[in-house]
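Dear colleague,

Please find below the structure that I am handing over to you. My findings follow directly after it.

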Amino acid sequence: MKPFLEVEANRRNYNKFVNKKTVHRSSLLVPRFESAMTNISFLNHFLLKRSNKNIVLKITALDNKGFSIDSLSIEIMDPKVYSFNLEELFEDFHKIKEYIVEFYSDKNLFIPFPAVMVNHIGSDFVNSVHSYNRILNDIFEDDEINKNQVYESSIDVISNNEYDTFFNFATGPIAVNGEINITDSQENEKKLTIDIERLTNKNYLLSKIFDKGLIEGSTLKILQPKQPLFYGRLLAGIINKNTKSFSANHSYYDSSSTEEYFDNNQSYRSYPYFSKCQNEITMYPIMSPSEIDIHIELFSKNKVFKSDVKKIISPSKKPISFNINDLVNKSNFSNVTLFKVVANTSTQKIPTRVNHQLIYSPCESKSKLKNSINVSLQNDSTFIPAKKTGFTWGQILCNENFETRLGICFNNSFGEAEDISVEFYSKDGLICSEDHILIPQNSLIFDNHFFKEICNSDEFIWFVVKSKRSDISAQCFHYHRASGNASGEHSF
């Protein structure tokens, strides 16, 4: 884990010296699962955001020993969505265990992690998560990224007859012979001895690891063995034991043993509220040691509804959660499209990373496969370059068997109404663009009625949102109409 304040320092340096520590390779690893087709999707943000036309994409298929089966290179030149079903690119795809996806350019890419969505497509689910594993570019990056080893967490736990919690462990360029340590808030602990080839991956089910079932809502922590030249998160989530459908996202750092704070006492963030859907927040006690008061705010015209305060103590055994739908009903507000999470401490010392799970799902669904996205609160001490404007983008699923929602809002609910523009792109390029006036206490919501008008095919389309305010962001999720299985992701 790289300390957050070091990340901030690097951002400041980048803003002053654009050619400092330039990046010319950006990469990710993509696991292949037998129960799903593997897809990657991305908008050519290299061109649209940075005017970079000199991009080459290289996709390498790997076998279960981490050796290359074949590779393919593609020039990325057009202002459009690029979407690849990876098994269709290679012969003998049944031998493939994993893919390396790499972007190269003679110009500065700035970010070594590309804005790519990894989609696993099954009969009644599409799991979407942004890039989360990569091989580091050199030993100097390894010095920065891997200096602090911490547990991974932010993993929702369910373990019963129908569902299980799983995580996918990936290896880097060197084979791993070591241990994975797993603990939970009920003081269960296991050490898994592992011997795994390079550049491959393996799924683990909690029901196969622990003798007794874990309590739903437990705080799960997993310590991976340290791997040179590799940055790895865990793909973790819930799987249906019978259908093999799953909903998973990347894990997040457990900072409960790291003391790192801003010199103020409040962090916050606003999120879209999707009507006729379930909206929830779960916060695990994995922040830097602290006691934080959390409440939710809702808005209706000039009125503000504040929920009761819940205290989260980190480290501890107790996560907290908010059912946003219940709060909306309690407020008696109509037409709510946004809610705000506010965190306060009693001292001028709030953790730099106050993260939580943002959970969306269809109402009254029997499926436990919810869209659970790990996100972090914002803070006024976060570095914002002078004259920075807002530019955010992300993926949407258009498919007649799925319901899709996109919500756009500002991270902070304060301020005046602002003009924003929203563009939608497909594999053929720009589909349409719209101008809107966005009030900071509201979200701009798009649903299937809109997407059906602009896209009749089964594909991933992408949006771009531009604003004079730098804190514009978006959340999107989709769910299968019949099964209720959900997934989604925040914008880049």
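Strand β33 (residues 418-426) is largely enclosed by the rest of the structure, because seven of its nine residues are buried. Strands here are DSSP runs of E with at least two residues, helices are runs of H or I with at least four residues, and both are numbered from the N terminus. Buried means under 20% relative accessible area, exposed means over 50%, and partly exposed lies in between (1.4 Å probe, protein chains only).

Please note that this is a predicted model, in which local features need pLDDT of at least 70 and side-chain atom pairs count only at pLDDT 80 or more, while totals for chains, interfaces and linings use all residues. Residues are numbered from 1 along each chain as its sequence is written, and side-chain values use heavy atoms, with hydrogens and water left out.

Strand β33 pairs in the antiparallel sense with β34 (residues 429-438) over nine bridges, where pairing requires that DSSP finds at least two bridges between two strands. These two strands form a hairpin with two residues between them. β33 also pairs with β36 (residues 459-467), again in the antiparallel sense, over six bridges. Isoleucine 420 takes part on both sides: histidine 436 stands opposite in β34, and serine 467 is the bridge partner in β36.

A further sheet is open and consists of four strands in the order β14-β11-β17-β18, with antiparallel pairing. Strands β14 (201-205) and β18 (246-250) are at the edges with a single partner strand each, so one side of each has no neighbour in the sheet. From one strand to the next, the twist averages 25 degrees (axes are lines fitted to C-alpha atoms, for helices over the stretch in contact, and angles run from 0 to 180 degrees between N-to-C directions). Five bridges join β11 (residues 163-170) to β14 in the antiparallel sense; in β14, asparagine 201 is the bridge partner of alanine 170.

Turning to the nonpolar cores, the largest has 41 residues, of which Val30, Ile40, Phe42, Leu57, Phe84, Tyr99 and Phe103 touch the most other members. A nonpolar core is a set of buried Ala, Val, Leu, Ile, Met, Phe, Trp, Tyr and Cys residues joined through side-chain atoms within 4.5 Å. Strand β3 (residues 55-62) gives the most to this core, with four residues. Not counting residues up to four places away in sequence, phenylalanine 84 touches Thr38, Asn39, Ile40, Phe42, Leu57, Ile74 and Leu89, contact being defined as heavy atoms within 4.5 Å. Another core, of 34 residues, lies apart from the largest one and includes Ile281, Phe333, Val354 and Ile373.

Phenylalanine 93 is in the loop between β5 (81-85) and β6 (98-104). Its relative accessibility is 29%, and it therefore counts as partly exposed. Leaving aside neighbours within four places in sequence, phenylalanine 93 is in contact with Arg32 and Glu87.

As for the chain as a whole, its secondary structure comes to six helices and 38 strands. The radius of gyration is 22 Å, close to the 23 Å that the globule rule gives for 492 residues, so the chain is as compact as a globular protein of that length. This radius is taken over C-alpha atoms, and the rule is 2.2 Å times the number of residues to the power 0.38. Of the 492 residues, 60% count as buried.
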